[in-house]
Amino acid sequence: VTEPIVVGAEREGDYRSTLLSLLAGATIDLLAGPIGTVRDCDGPGCCMLFLPAHPRRRWCSPELCGNRVRVARYYRRHAGREPQA
């Protein structure tokens, strides 16, 4: 069981500086933490990054990118076949 991340460090400066420093700190924690590695989506034309919940996960969204890959694979398999009546 991992402990939840608590963001509550006091920072000096205006709202924008505080927000940027919190975002930078969260990014460092995310990329350097024990969660895992950030991966590129294998979907064609997709430039999203994601944290895989499973080591074999390949797409940022199974519903979007994963479905596109599966549909393209289906059409490649069935290309050139005569339609069945």
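Student: Where is Leu31 placed?
Tutor: Leu31 sits in helix 1. Keep in mind as we go that this is a predicted model.

Student: And is Leu31 buried or exposed?
Tutor: Leu31 counts as exposed because its relative accessibility is 56%, and the cut-off for that class is over 50%.

Student: Which residues form a nonpolar patch with Leu31 on the surface?
Tutor: The patch brings Leu31 together with Leu30, Val38, Leu49 and Leu51. Together these residues have about 400 Å² of accessible area.

Student: Let me step back a bit. How many helices and strands are there in the protein?
Tutor: You'll find two helices and two strands. Going along the sequence, the pattern reads α-β-β-α.

Student: What share of the residues counts as buried?
Tutor: The figure is 9% of the 85 residues.

Student: OK, what about confidence? What's the average pLDDT of the protein?
Tutor: The average is 80, and 79% of the residues score at least 70.

Student: Which element has the lowest mean pLDDT, and which has the highest?
Tutor: Helix 1, residues 15-32, has the lowest at 84. Strand 1, residues 39-40, has the highest at 88.

Student: New topic: salt bridges. How many are there?
Tutor: The count comes to one salt bridge. Arg58 pairs with Asp42, and their closest N and O atoms are 3.4 Å apart.

Student: What does that pair tie together?
Tutor: Arg58 lies in the loop between strand 2 (49-50) and helix 2, while Asp42 lies in the loop between strand 1 and strand 2, so the pair ties together parts that are 16 residues apart in sequence.

Student: How accessible are Arg58 and Asp42?
Tutor: Arg58 is partly exposed, with a relative accessible area of 37%. Asp42 counts as partly exposed too, at 44% relative accessibility.

Student: Pick Arg73. Where is it found?
Tutor: Arg73 is in helix 2, which covers residues 62-78.

Student: Last one: Met48. Where is its place?
Tutor: Met48 is in the loop between strand 1 and strand 2. Its relative accessible area is 47%, so Met48 is partly exposed.

Student: What separation do the C-alpha atoms of Met48 and Ser61 have?
Tutor: Those C-alpha atoms are separated by 9.4 Å, and the two residues are 13 residues apart along the chain.

Terms used. Residues are numbered from 1 along each chain as its sequence is written. This is a predicted model: local features need pLDDT of at least 70, side-chain atom pairs count only at pLDDT 80 or more; totals for chains, interfaces and linings use all residues. Side-chain values use heavy atoms; hydrogens and water are left out. Helices (H or I, at least four residues) and strands (E, at least two) are DSSP runs, numbered from the N terminus. pLDDT is the predictor's confidence in each residue, from 0 to 100. Buried means under 20% relative accessible area, exposed over 50%, partly exposed in between (1.4 Å probe, protein chains only). Patches are made of residues with over 30% relative accessible area and no salt bridge: like charges are joined within 9 Å, nonpolar side chains (Val, Leu, Ile, Met, Phe, Trp, Tyr) within 5 Å. Accessible areas come from the Shrake-Rupley method with a 1.4 Å probe; for residues, only the protein chains shown count as cover. A salt bridge is a side-chain nitrogen of Lys or Arg within 4 Å of a carboxyl oxygen of Asp or Glu.
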